[in-house]
Amino acid sequence: MRITEVLTKNSFSLSFEVFPPKTDAAFETVRSSTEQIALLGPAFVSVTYGAGGGTSRYTLDIAKNIKDRYGVPTLAHLTCASSTREEVRRHIGDIRAAGIENIMALRGDLLPDSPPEEERAYRHAVDLIREIRSIDPDFCVGGACYPEVHPESRNSEEDIRRLKEKVDAGCDFLTTQMFFDNALYYSFLYRIREAGVTVPILPGVMPITNAAQIARAIKLSGSFIPHRFQSLVDRFGDDPKAMKQAGIVYAADQIIDLFANGIRNVHVYTMNKPDVAEAILRNLSDILG
Ligand SMILES: Cc1cc2nc3c(=O)[nH]c(=O)nc-3n(C[C@H](O)[C@H](O)[C@H](O)COP(=O)(O)OP(=O)(O)OC[C@H]3O[C@@H](n4cnc5c(N)ncnc54)[C@H](O)[C@@H]3O)c2cc1C
């Protein structure tokens with residue numbers, strides 16, 4: 001099922017994000033945890049893709065397994081900055097052959113060994129979106145967006161102008177980078193609607209369940225940490241069980257606020273933690289129905 005179809009359902013829903021194994025040896029463990037996540041009945045599951053493309057096969061295997069065995073729609077991520085045209089085209093064909101209808105089209109983070117911009121087959125995500133559209137217009141294509149501005153952008157106006165180009169190139173929906181202050185999302189939504197971006201924007205929420213994770217999350221996303229969240233980490237960071245519970249409740253509270261403010265679908269960066277996904281659902285059981 002296409003993600004855009006999933007999003008038209010008139011009920012509150014959560015989708016979950018998982019990541020593929022980095023090695024053959026880890027495959028069974030990842031498959032098992034992603035299956036447990038699929039069994040929780042999310043609206044869809046998205047499967048990330050290594051920026052260098054090295055684990056590309058696993059993204060597809062995990063996404064196909066969840067779709068085929070549990071009937072849960074899947075979204076296969078695909079990055080392009082470090083790939084050749086042939087690799088990308090082959091991979092798009094493999095996604096189609098696996099019966100997956102949804103691709104998250106990303107540039108990917110630039111790695112130390114990524115080719116310089118002028119040598120890249122695809123410079124930006126918009127080039128990949130055009131490629132996917134030209135190969136198979138029937139794919140449902142997602143893109144990334146950044147309520148707190150992508151770190152490489154000069155300012156929010158430029159970031160939103162580039163975002164509009166992605167949508168004009170054929171992006172059907174967008175998912176945000178994680179944020180910990182919903183006001184940033186509401187303000188972003190207002191600005192992009194004003195700029196003429198009308199596709200669905202899935203807010204991305206990450207439950208932070210240990211103190212080390214927060215440092216990683218900030219490094220990755222540059223997200224603003226509100227005082228309310230920082231004090232929770234300061235108070236419970238040294239107590240793993242308490243921190244986990246507090247992080248889950250904080251994320252659930254963010255989701256409830258999003259639902260209360262008219263958002264129906266939230267994407268949760270549960271990564272490969274079925275217990276965290278399950279605890280979020282438990283906190284929202286009567287709301288999700
Ligand atoms: C929801 C989500 C999922 C993600 N999943 C993955 C994943 O699975 N694997 C992974 O490796 N990474 C993933 N990332 C991280 C992502 O790859 C990085 O944030 C990357 O740095 C940018 O990717 P993008 O697709 O947003 O790039 P782009 O849309 O290309 O934007 C990157 C920068 O270039 C600018 N830009 C865009 N188009 C142009 C243009 N035509 N000319 C000049 N400047 C331009 C933008 O404003 C921005 O500053 C994800 C991020 C998000 C938010």
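I note the terms first: a residue is buried under 20% relative accessible area, exposed over 50% and partly exposed in between, with a 1.4 Å probe and protein chains only. The model is predicted, and I take local features at pLDDT of at least 70 and side-chain atom pairs at pLDDT 80 or more, while totals for chains, interfaces and linings use all residues. Residues are numbered from 1 along each chain as its sequence is written, and side-chain values use heavy atoms, with hydrogens and water left out.

**Entry 1: strand E6**

I looked up E6, which covers residues 173–178. Helices (H or I, at least four residues) and strands (E, at least two) are DSSP runs, numbered from the N terminus. How many residues of E6 are buried? I found 6 of the 6 to be buried, so E6 is largely enclosed by the rest of the structure.

Next I checked the strands that pair with E6. Two strands pair if DSSP finds at least two bridges between them. Strand E5 (residues 140–145) pairs with E6 in the parallel sense, over 4 bridges. Cys145 has Thr176 in E6 as its bridge partner. I followed the chain from E5 through helix H6 (residues 156–168) to E6, and this β-α-β crossover is right-handed. Right-handed here means that, with the strands pointing away from the viewer, the path from the first strand over the helix to the second runs clockwise.

E6 also pairs with strand E7 (residues 201–205), in the parallel sense and over 3 bridges. For Leu174, the bridge partner in E7 is Ile201. From E6 the chain crosses through helix H7 (residues 182–194) to E7, and I note this β-α-β crossover as right-handed too.

**Entry 2: strand E8**

I then turned to strand E8 (265–268). E7 and E8 pair in the parallel sense over 2 bridges, and Gly204 stands opposite His267 in E8. E1 and E8 run parallel and are joined by 4 bridges. Phe16 stands opposite Val268 in E8.

Which way do the residues of E8 point? Asn265 and His267 point one way and Val266 and Val268 the other, and all are buried.

**Entry 3: the ligand**

Which of the 25 residues around the ligand come nearest? They are Tyr49, Asp109, Tyr146, Ser153 and Lys166.

I looked up the N and O pairs next; a polar contact is a pair of N or O atoms within 3.5 Å, and within protein one must be able to donate a hydrogen and the other to accept it, while residues adjacent in sequence count only if both atoms are side-chain atoms. An N or O atom in the side chain of Tyr146 is 2.7 Å from an oxygen atom of the ligand. For His77, a polar side-chain atom lies 2.8 Å from an oxygen atom of the ligand. For Asp159, the distance from a side-chain N or O atom to a ligand oxygen atom is 3.1 Å.

On its own the ligand has 980 Å² of accessible area, and the protein covers 87% of this. Such areas come from the Shrake-Rupley method with a 1.4 Å probe, and for residues only the protein chains shown count as cover. Strand E3 (74–79), strand E4 (102–106), H6 and E6 are the elements that give two or more residues to the shell around the ligand. H6 gives the largest share, 4 residues.

**Entry 4: single residues**

I placed Glu35 in helix H2 (residues 27–39). Glu35 counts as buried because its relative accessibility is 12%. The side chains of Glu35 and Arg69 are joined by a polar contact of 3.2 Å.

Val149 is in the loop between E5 and H6. Is Val149 buried or partly exposed? Its relative accessibility is 25%, so Val149 counts as partly exposed. Phi of Val149 is near 75°, a positive value in a residue other than glycine. Met271, in the loop between E8 and helix H11 (274–283), has a positive phi of about 45° and is not a glycine either. Most residues other than glycine have a negative phi.

Last, I looked up Gly108, in the loop between E4 and helix H5 (125–135). At 17% relative accessibility, Gly108 counts as buried. Gly108 and Cys80 are 28 residues apart in sequence, and their C-alpha atoms are 6.5 Å apart in space.

Definitions and conventions: A residue is near a molecule or strand if one of its heavy atoms lies within 4 Å of it.
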